[in-house]
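Good morning, and thank you for coming.

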Amino acid sequence: MTISYDLKPIIVRKAFASAVPADLSAKTSLIGLTRDEMAKALQSIGVPVRQVHMRLSQLWHWLYVRGVSSFDDMFNISGELRNRLAGRFSITRPRIVAEQVSNDGTRKWLLRFPSCGAGRSVEVETVYIPQEGRGTLCVSSQVGCLLACSFCYTGTQRLVRNLTAEEILAQLLTARDCLRDFPDKNTPGGAIVPQERRKISNIVMMGMGEPLYNFDAVKKALLIASDGEGLSFSRRRITLSTSGVVPKIYRVGKEIGVMLAISLHAVDDELRNILVPLNKKYPLAELMEACRNYPGLGNACHITFEYVMLKDVNDSVKDARKLVALLKGISAKINLIPFNPWLGTNYQCSDWKQIEHFADIVNKAGYASPIRTPRGRDILAACGQLKSQSKPLRKMERLQLEVGV
Ligand code: SAH
Ligand code: SF4
């Protein structure tokens with residue numbers, strides 16, 4: 001998205017111009033702007049330079065600590081400035097098209113984002129998983145996915161578009177609204193929910209899409225989510241999962257500093273090429289090398305390897321032993337994910353006994369190997385079951401995005 005601080009038309013990349021008419025009246029959202037960008041935004045509406053720092057702190061607090069979605073609620077900012085802000089900027093939430101609650105308490109929201117500078121309006125799924133002592137929000141980074149892993153339902157929806165930093169953050173803000181993780185807006189100055197009582201304690205970038213094919217927006221959103229004067233999520237409580245975009249892995253550790261999860265799923269190239277076709281571009285040897293070089297690894301920091309359990313495909317004793325050999329020397333934890341079925345797939349979930357046997361081998365080799373309890377299967381909210389009805393990109397638009405990867 002091109003950010004426009006004045007009323008010049010939004011610049012749309014040429015290939016998108018005919019498909020997505022720029023909405024010249026659209027206001028720039030303040031959500032998702034870095035502090036520097038927000039400071040410039042304030043100056044563009046005439047806030048004097050000497051006041052910018054103070055106004056910025058106020059805005060940041062209102063947006064990310066108090067979670068307001070209307071300028072009217074910012075009661076320590078003068079009515080005159082609130083009007084100026086509202087005239088040029090927006091802080092509204094996406095529309096909640098649907099909310100489903102699973103019988104295990106998992107919640108799934110379908111959110112609709114209006115068209116932005118470089119893309120059409122889209123629908124995205126976000127999932128909240130309450131657990132003993134914590135709650136995890138599973139956030140999407142793209143609508144659909146380019147990578148088409150053969151066992152993943154999201155992969156059957158072709159890529160529609162990347163989400164902007166604003167849209168990634170908006171999933172978190174909307175979920176916190178719905179779960180009452182922000183102070184009550186009807187009590188101005190009401191108590192802030194203490195960190196340890198927050199419903200959302202962890203964030204995983206494991207929703208729709210491949211986050212490392214949308215690196216810049218994901219980075220921006222996660223840096224804002226972990227900003228200590230705002231949403232304040234510890235980087236240790238944010239996990240980014242990738243199917244293995246090798247050239248970006250180092251940058252995740254260096255520039256974002258969050259926990260890394262790798263969707264491994266197979267221990268040799270032949271099978272991984274089928275399950276995770278990206279492996280043809282970045283084979284296992286390169287992927288493991290990138291993992292060994294992940295910044296900070298070993299200092300109480302591990303990489304999580306995700307391994308979906310597919311009956312008679314990757315769940316043999318031999319696979320388990322090869323997995324242990326492959327991870328040698330890497331500080332790792334292995335999440336065994338029972339395959340979540342979807343209509344039309346030919347894969348089946350491994351038998352429970354086989355999963356336990358597999359876990360046992362890995363565990364005895366010294367790696368934590370929890371078996372992930374499937375959550376929200378009844379509302380198609382479990383891993384790899386997310387999908388929306390948004391239309392895929394036309395060929396020309398898709399090419400443009402791939403070139404940017
Ligand atoms: N694109 C990223 C993040 C989203 S997928 C990635 O692939 O890592 C989140 C996790 O769910 C990944 O580990 C993915 O492999 C797994 N997954 C996908 N489909 C699944 C399914 N049907 N059953 C269980 N896990 C699945
Ligand atoms: Fe995309 Fe991840 Fe699904 Fe593969 S597993 S298709 S990378 S969302």
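How many aromatic pairs does the count come to? Please bear in mind that the model before you is predicted. The count comes to five aromatic pairs. One of them joins Phe339 and Tyr347, whose rings lie 6.1 Å apart, centre to centre. Their planes are at 70° to each other, and the pair is edge-to-face. Both Phe339 and Tyr347 are buried.

Arg35 places its charged end over the ring of Trp60, at 4.4 Å from the ring centre. Likewise, the charged end of Arg198 sits over the ring of Phe233, and here the distance to the centre is 5.1 Å.

Which residues are around ligand 2? They are Cys145, Leu147, Ala148, Cys149, Cys152, Gly155, Gly209 and Ser243. By class, the shell around ligand 2 holds five nonpolar residues, three polar residues and no charged ones.

Let me finish with the cysteines. A disulfide is a covalent bond between the sulfur atoms of two cysteines. How many disulfides does the structure hold? The number is zero. Is Cys291 buried or exposed? Cys291 has a relative accessible area of 0%, and therefore counts as buried.

Thank you for your attention.

Definitions and conventions
Residues numbered from 1 in each chain as written. Chains lettered and ligands numbered in written order. Predicted model: local features only at pLDDT ≥ 70, side-chain atom pairs only at ≥ 80, totals over all residues. Heavy atoms only, no water. Disulfide = S-S within 2.5 Å. Buried < 20%, exposed > 50% of the residue type's maximum accessible area, 1.4 Å probe, protein only. Phe/Tyr/Trp six-rings, centres within 6.5 Å; stacked < 30°, edge-to-face > 60°. Lys NZ or Arg CZ within 6 Å of the ring centre and 35° of its normal. Near = heavy atom within 4 Å. Nonpolar A, V, L, I, M, F, W, Y, C, P; charged D, E, K, R; others polar.
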